[in-house]
Amino acid sequence: DVFFYDGRKIVPITTDAISDGVANQVPQLNDRDQIVFVRFDFCAQPDWESEIRTYDNGVLTTLTDTQAQPNSPDINLSGLVAWTDSTPQGGHEIQLWRDGGITVLTDWGNGLKLNDAGSVAFNRWHEDTQLWQQWLYRDGMFWQLSDDPFWNRSGNLNQIGDVVWRS
């Protein structure tokens with residue numbers, strides 16, 4: 001389950017994991033105390049299922065409804081939410097939720113981090129080289145940050161768009 005500490009008290013955000021057999025995981029918090037997390041059902045067969053949920057001022061909202069395996073969500077200060085979802089072809093796409101609508105940012109990314117400006121640092125698998133490379137989406141454009149013979153992953157970015165990753 002997911003819990004929130006506001007500096008004074010601990011608030012249970014979810015209380016259904018044990019009774020429903022689900023796992024509420026990967027909670028992320030912004031400075032407006034909005035929370036995003038993923039609710040996994042690992043028992044669904046033949047593949048596990050999940051959904052992205054938010055908590056805002058006492059209200060739980062499910063953002064996804066038809067995706068198969070959305071995971072690894074992040075939320076920024078304006079309430080923009082991003083996550084990775086599996087595609088029917090076995091790939092990964094990055095989806096964005098804003099003001100009640102979902103759009104696909106890219107159909108070839110995962111491992112994302114989101115900043116308050118809406119920039120996204122993420123990994124991309126390159127079939128030709130069989131390597132992960134680090135990318136950045138900023139100001140409506142995609143930038144490949146790494147292009148070397150090593151795996152480049154596990155990135156993060158700050159509020160001004162500087163990016164760090166492991167190679």
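Here is a short chat about aromatic rings, sheets and one glutamine in this predicted model.

Q: Before we start, what kind of model is this?
A: It's a predicted one, so local features need pLDDT of at least 70 and side-chain atom pairs count only at pLDDT 80 or more, while totals for chains, interfaces and linings use all residues. Residues are numbered from 1 along each chain as its sequence is written, and side-chain values use heavy atoms, with hydrogens and water left out.

Q: How are W108 and W135 arranged?
A: They're edge-to-face, 4.9 Å centre to centre, with 65 degrees between the planes.

Q: And where do those two sit in the chain?
A: W108 is in the loop between strand 10 (101–106) and strand 11 (110–114), and W135 is in strand 13 (residues 131–138), so the pair ties together parts that are 27 residues apart in sequence. Strands here are DSSP runs (E, at least two residues), numbered from the N terminus.

Q: Is W135 buried or exposed?
A: W135 is buried, with a relative accessible area of 9%. W108 is partly exposed at 27%. The cut-offs are under 20% relative accessible area for buried, over 50% for exposed and partly exposed in between (1.4 Å probe, protein chains only).

Q: What about W125 and W151?
A: That pair is edge-to-face too, at 5.8 Å centre to centre and 85 degrees between the planes. W125 is in strand 12 (residues 120–126) and W151 in the loop between strand 14 (141–144) and strand 15 (153–157), 26 residues apart. W125 counts as partly exposed at 26% relative accessibility, and W151 is partly exposed with 41%.

Q: Which residues do ring pairs link into a cluster?
A: The cluster is W108, F122, W135, Y137 and F142.

Q: Which residue lies over the face of W108?
A: That's R124, at 4.2 Å from the ring centre. R153 lies over the face of W132, at 4.5 Å from the ring centre. A charge sits over a ring if NZ of Lys or CZ of Arg is within 6 Å of the ring centre and within 35 degrees of the ring normal.

Q: Last one: where is Q69?
A: Q69 is in the loop between strand 6 (59–62) and strand 7, and counts as buried at 13% relative accessibility. The side chains of Q69 and S86 are joined by a polar contact of 3.2 Å. Such a contact is a pair of N or O atoms within 3.5 Å; within protein, one must be able to donate a hydrogen and the other to accept it, and residues adjacent in sequence count only if both atoms are side-chain atoms.

Technical notes
Phe/Tyr/Trp six-rings, centres within 6.5 Å; stacked < 30°, edge-to-face > 60°. Helix = DSSP H or I, 4+ residues; strand = E, 2+ residues; numbered from the N terminus.
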